[in-house]
Amino acid sequence: MPAPLRVAMIGNGFMGAAHSQGWRTAPRFFDLPAIPEMTVMVGRDPDKNAALAQRWGWAEASQDFDAVIARDDIDVVDIVTPGNLHCDMAIAALEAGKHVLCEKPLANTVEEAKRMDAAATAAAERGVLAMVGFTYRRVPAAAFARDLVARGALGTIRQVRAQYLQDWLSDPEAPLTWRMDKSKAGSGALGDIGAHAIDMAQFITGQTIDSVSGVMETFVKERPTMGEGQGLSGSAGEGRGPVTVDDYAAFNGRFDSGALGTFEATRFATGRKNALRVEVAGDKGSILFDLEDMNAIQYYDATAPATEQGFRRIYVTEADHPYLEAWWPPGHMLGYEHGFSHQVKDLVEALAAGVQPTPSFADGYQVQRVLDAVERSAGDGSAWVSTQA
Ligand code: SOE
């Protein structure tokens, strides 16, 4: 009988719902070496937290983070709070001897990410392990794209085009959420969704971005404060407040191999709801991963006879594709939530084997260095060269 792995989750927003789904479902579909137990969910508002804990399947609800990480019956702390809480909570949990899963981006600043990486390195020496939740790595088509690149199907990689496009802020009257507050979110489109594009580009290519040249903009500088409801589905209230993060970020990146990338992150791309796209071009072929068509990748084989060339769509639903062994017969598609189950599967397997789960805090710190470099590069815009001079 596999041992239990007792989990405390901190936070109960959108990511709390998604992570709960992962903890609940993974052991019911995959043969895991340890069985996650949803022991306690921590949140500030007692009534809301108790109701959601019950709905999502947590045995208990608590308001007390410090008391929870001091408990002997907790093995893993899963942090799904806004970014301003990640650093202190993750370090405290690691020091209390708990394994940690922390949502992306790892931190709000590069200094925090560096401290978290150092804490994770020290904890690993005591057998306590940490992982950052870049969940899209666990979409089967993305994992398959990485396999194709790793086995040389694309040859030498020369270019990467990565975009994460959403449109939920294109209405200037959409209300302020914590995601538009720098003190809570660290940055705007750049850290929230640009971080995914960066991680996915590095994950699929197996390469590291080592320098950047960036541009950032805040299109709507003031918005209504939040009235009824919360988060992405809340409605506007009476007051108004400043937007203190970027609405748009783009940059060119140079990979350690010499390949070049263009990156774009925006929550103002009208019509694009959740379009994370990563296209990689090598001298033997290209691939396109598109989250809005997440059960497939497009693959172009430049070594095929010219008369047979063209992008072909590979449906990533075969039992031999990554993660598919546990799910439905070929052709039966998966969705957004499955990535969270796969994340739990990979984490539990790594913890049971005592090996470093990926992406590690070091990987999260590397993404944070890219975010920080983009911000520094964009600066005050003075690097722009006028066409009118
Ligand atoms: C909101 O923009 C958001 O939920 C991100 O924070 C998530 O990381 C991404 O998966 C979807 O969009």
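Modeller: Ser377 is partly exposed, because 16 other C-beta atoms lie within 10 Å of its own, and a residue is called buried only at 20 or more and exposed at 12 or fewer. Please keep in mind that this is a predicted model. Ser377 belongs to helix H10, which covers residues 361-378. Leaving out residues up to four places away in sequence, Ser377 touches Val212, Ser213, Gly214 and Phe251. Gln21, by comparison, is 356 residues from Ser377 in sequence, and their C-alpha atoms are 39 Å apart in space.

Phe203 is part of helix H8, residues 189-205. Is Phe203 buried or exposed? Phe203 is buried, because 21 other C-beta atoms lie within 10 Å and the cut-off for that class is 20 or more. When neighbours within four places in sequence are set aside, Phe203 is in contact with Arg137 and Arg146. Pro359 stands 156 residues from Phe203 along the chain, yet their C-alpha atoms are separated by 9.0 Å.

We may now turn to the ligand. Phe14, Gln166, Asp192, Ile193 and Asn274 surround the ligand.

The next part is a span named in a record. In an unreviewed entry, UniProt places the feature "domain: Gfo/Idh/MocA-like oxidoreductase N-terminal" at residues 5-134. In the model this span is 44% helix and 24% strand, and its end C-alpha atoms lie 21 Å apart.

In what order do the six strands of the open sheet stand? The order is S3-S2-S1-S4-S5-S6, and the pairing is parallel. At the edges are strand S3 (60-62) and strand S6 (130-133), each of which pairs on one side only. On average, neighbouring strands of this sheet are turned by 25 degrees against each other, with direction ignored.

Let us follow some of these pairings. Strand S1, residues 3-10, has six buried residues out of eight, so this strand is largely enclosed by the rest of the structure. S1 runs parallel to strand S2 (residues 34-42), and eight bridges join the two. One of the residues involved is Ala8, whose bridge partner in S2 is Val40.

Strand S4, residues 76-79, runs parallel to S5 and is joined to it by four bridges. Here Asp78 stands opposite Leu101 in S5. Strand S5 itself covers residues 99-103 and pairs with S6 in the parallel sense, over four bridges. Val100 stands opposite Ala130 in S6.

Key: Residues are numbered from 1 along each chain as its sequence is written. This is a predicted model: local features need pLDDT of at least 70, side-chain atom pairs count only at pLDDT 80 or more; totals for chains, interfaces and linings use all residues. Two residues are in contact if their C-beta atoms, placed from the backbone, lie within 7 Å. A residue is near a molecule or strand if its C-beta atom, placed from the backbone, lies within 6 Å of it. UniProt positions are given in the numbering used here, feature names are shortened, and annotations may be inferred rather than shown by experiment. Two strands pair if DSSP finds at least two bridges between them. Axes are lines fitted to C-alpha atoms, for helices over the stretch in contact, and angles run from 0 to 180 degrees between N-to-C directions.
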